[in-house]
Amino acid sequence: MKSVKLNNGIEMPMVGFGVFQVSDEETEKAVLEALKAGYRLLDTAAVYGNEAGIGRAIKASGIPREEIFVTTKLWIQRENGYENTKKALEDSLTRLGLDYVDLYLMHQPFGDVHEQWRAMEDLYKAGKARAIGVSNFHMDRLMDLITCHEIVPAVNQIETHPFYQRDAEIAFHKELGILQQAWAPLAEGKFEIFSNPILTQIAQKHGKSVAQVVLRWLNQRGVAIIPKSVKVERMLENREIFDFTLDEQDLAQIATLNRDEIIFNHRDQIGRASCRERVCLYV
């Protein structure tokens with residue numbers, strides 16, 4: 001599996017396995033299948049409610065811990081601050097059955113992000129997380145965080161797909177040495193992505209599926225991906241994207257699909273106030 005070096009020097013797979021909206025019981029089985037299929041990056045979050053399932057699957061797999069890259073995320077809490085952020089990671093580690101995570105992300109740009117980040121920096125220095133980053137941060141919020149703190153986030157995990165291409169963010173992250181990782185790389189199946197005529201034509205040209213074309217397109221742009229499926233055949237399909245290359249014509253055609261179609265707006269004050277109730281809508 002292709003990997004990339006983060007800004008602190010550690011290696012991270014460019015293709016991972018996500019478990020958003022998968023129950024704890026289903027997660028254990030799905031992750032075991034994903035590990036058998038060759039995935040070595042597992043992405044979860046405290047709010048997903050399935051960290052324990054990931055932990056059981058890692059233990060049952062027999063694969064050495066150091067060969068598996070585990071990401072989890074800090075959820076928004078009214079009491080979030082320095083001490084509660086440290087406790088939140090300890091709670092996640094307990095559920096995962098691990099001594100450390102490879103990447104710890106601040107899930108949303110809400111709450112006291114500065115105290116949360118200060119705690120995350122200390123957790124990183126203590127070895128509880130091998131890298132720290134953020135999720136769903138727009139460029140202005142990200143720059144504010146960087147300006148006020150010592151450690152530059154290693155990753156920003158944001159919505160990225162053919163209908164929300166985020167060219168400005170890709171350039172911004174590259175300039176700062178931050179890896180952009182796409183959640184909903186396949187747009188959660190929305191916007192009729194799998195029947196889109198342009199994507200279908202490109203897929204037929206390369207003898208690939210639409211999903212493979214989209215995932216390859218993201219990786220060619222330097223964006224890491226965490227597609228999700230509980231079906232083994234889809235897991236295998238989603239990782240088989242390195243045996244073909246999209247040419248300039250393909251890339252130009254896909255560029256025409258961008259229309260800033262957003263699944264979840266992280267500047268939405270209503271969404272901010274009711275995040276837990278709407279968790280089914282986003283990662």
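## Helices H7 and H8

Two residues are said to be in contact when they have heavy atoms within 4.5 Å. In this predicted model, that meaning of contact applies to Leu199, Thr200, Ile202 and Ala203 of helix H7, which meet Val210, Val213 and Val214 of helix H8. Sorted by class, the residues of this contact are six nonpolar and one polar, with no charged residues.

Two packed helices are described by the angle between their axes and the distance between the axes. Helix H7 covers residues 197–206 and helix H8 covers residues 210–220, and their axes come within 8 Å while crossing at roughly 95°. Angles of 65 to 115 degrees count as roughly perpendicular, and H7 and H8 are therefore roughly perpendicular to each other.

## Helices H5 and H6

A second pair is formed by helix H5, residues 139–148, and helix H6, residues 167–176, which pack at an angle of about 15° with their axes 11 Å apart. Since angles under 35 degrees count as roughly parallel, H5 and H6 are therefore described as roughly parallel to each other, and their crossing is left-handed.

On the H5 side the contact is made by Met139, Leu142, Met143 and Ile146, while H6 contributes Ala168, Glu169, Phe172, His173 and Leu176. Of the residues in this contact, seven are nonpolar, one is polar and one is charged.

The largest pocket has a volume of about 540 Å³, and among the 25 residues that line it, Leu186, Glu188, Pro227, Lys228 and Ser229 are the closest to its centre. By class, the lining of the largest pocket has 14 nonpolar, six polar and five charged residues.

The second largest pocket, with a volume of about 160 Å³, is lined by Met1, Ser3, Glu11, Pro13, Arg40, Glu66, Glu67, Ile68, Phe69, Asp102 and Arg130. This lining divides into four nonpolar, one polar and six charged residues.

## The cavity

A search of the whole structure for cavities of 30 Å³ or more finds one, and about 90 Å³ of space lies in the largest cavity. The residues that line the largest cavity are Asn136, Phe137, His138, Ile158, Glu159, Tyr164, Arg166, Ile262, Phe264, Asn265 and His266. In terms of class, the lining of the largest cavity consists of five nonpolar, four polar and two charged residues.

Note on methods:
Residues numbered from 1 in each chain as written. Predicted model: local features only at pLDDT ≥ 70, side-chain atom pairs only at ≥ 80, totals over all residues. Heavy atoms only, no water. Axes fitted to C-alpha atoms, helices over the stretch in contact; angles between N-to-C directions. Helix = DSSP H or I, 4+ residues; strand = E, 2+ residues; numbered from the N terminus. Parallel < 35°, antiparallel > 145°, perpendicular 65-115°, else oblique. Left-handed = near helix turned anticlockwise from the far one by under 90°. Nonpolar A, V, L, I, M, F, W, Y, C, P; charged D, E, K, R; others polar. 1 Å grid on protein atoms, 1.4 Å probe; cavity = no way out; pocket = protein on both sides within 12 Å on 5 of 7 lines; lining within 4 Å. Points joined across faces, edges and corners; volume = space filled by probe spheres on them.
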